[in-house]
Amino acid sequence: KGLENHTIGSGFILLGFPDHSSLQGLSFTVFLVIYLMVLTGNSVIALITVVDSNLHSPMYFFLRNLSILEICYTSVTLPKMLMGFLLADGRISFLGCAAQLYFLVSLGSIECLLLAAMAYDRCIAICDPLHYTFIMSRGLCIRLVVGLWVAVVPVQVGQTYQVFTLPFCASRDLHHFFCDVPPLLELACADTFWNQVMLYTIILVFAILPFSLIVISYIKIIRAILKIPSVLGRHKAFSTCSSHLGAVTLFYGSATVVYLKQRSRDSGDTDKYLALFYTIVTPMFNPVVYSLRNTEVRIALKR
């Protein structure tokens, strides 16, 4: 109990920061530029989908929510990382770590579900265009987004509580850039079997199941596209999906490796940098992917 209180009082030390002072300055500059790009790019996408009447469709309603989500997602980790680089100090309080973990896993889970909702939207648009407006009504879109939050929030409250009621060992060194479930469980001085069960159950429900729905949607989309007689028509149909497909690949590719592969001490650095990819690099590239691969967004940006 005393050991647990010691950890609560002193928090953790994030060891994802380089030790050399020369790299601290470079890292601060690089990640500051990335953060500004995330804020600017996603804010612009969110703004034009509001002010441009041509982008008031379900597809861009989900894109706006994704952009806002990306801003929140990176804001959970990047400001703390920037302070760590600037001050060469990786300390984070116990409650600060708990808050960071909660928002990180909650927003990550919501992004998985939102990408699935976007795939469903594209599937209806291409496979059943005559009933698209009726099926993907504004009311349904709002209910889907609200439902994502309602489904995720209580589950992640439970997971965060389960992790932070564990007794932690004397070592406060967290081998990561931010507080995440796997590195925290490595510091626990207790059996983490049920924590692992809950973690993989959540991954199954909020990551693997949505990904399966995305795959099913794209199988139907590809079948529908192949039935389009003209090459131009097939190209136009696929172009409406390519941006979303790129976002799914970027996000799921790195996240899957981090959470589903067997962790080891040798893979610690690899896991850290892969985690940076899906929490920071992907939100930076999403606005670029959607603006470059989407004709309507490009036209709206020019206007």
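Trainee: Does Ser 217 count as buried or exposed?

Mentor: The general idea is a set of cut-offs on relative accessible area, with buried meaning under 20%, exposed over 50% and partly exposed in between, using a 1.4 Å probe and protein chains only. Ser 217 has 8% relative accessibility and therefore counts as buried. Bear in mind that this is a predicted model, in which local features need pLDDT of at least 70 and side-chain atom pairs count only at pLDDT 80 or more, while totals for chains, interfaces and linings use all residues. Residues are numbered from 1 along each chain as its sequence is written, and side-chain values use heavy atoms, leaving out hydrogens and water.

Trainee: Where is Ser 217 placed, and which residues does Ser 217 touch?

Mentor: Ser 217 lies in helix H8 (residues 193-226), where helices are DSSP runs of H or I with at least four residues and strands are runs of E with at least two, numbered from the N terminus. Not counting residues up to four places away in sequence, Ser 217 touches Ala 119, Tyr 120 and Cys 123, contact meaning heavy atoms within 4.5 Å. Ser 217 and Asp 121 are 96 residues apart in sequence, yet their C-alpha atoms are 9.1 Å apart in space.

Trainee: At what angle do H4 and H6 pack?

Mentor: Axes are lines fitted to C-alpha atoms, for helices over the stretch in contact, and angles run from 0 to 180 degrees between N-to-C directions. H4 and helix H6 (residues 138-164) pack at about 145 degrees, with their axes 9 Å apart. The residues of this contact divide into 17 nonpolar, 5 polar and no charged, where Ala, Val, Leu, Ile, Met, Phe, Trp, Tyr, Cys and Pro count as nonpolar, Asp, Glu, Lys and Arg as charged, and the others, Gly among them, as polar.

Trainee: How do the axes of H3 and H4 cross?

Mentor: The axes of helix H3 (residues 58-87) and helix H4 (residues 94-127) come within 10 Å and cross at roughly 160 degrees. The contact of H3 with H4 divides into 17 nonpolar, 4 polar and 5 charged residues.

Trainee: In what order do the strands form their sheet?

Mentor: Strands of a sheet pair through backbone hydrogen bonds, either parallel or antiparallel. Here 3 strands form an open sheet in the order S2-S1-S3, with mixed pairing, and two strands pair if DSSP finds at least two bridges between them. Strand S1 (residues 12-14) and S2 pair in the antiparallel sense over 2 bridges, and Phe 12 has Ile 92 as its bridge partner in S2.
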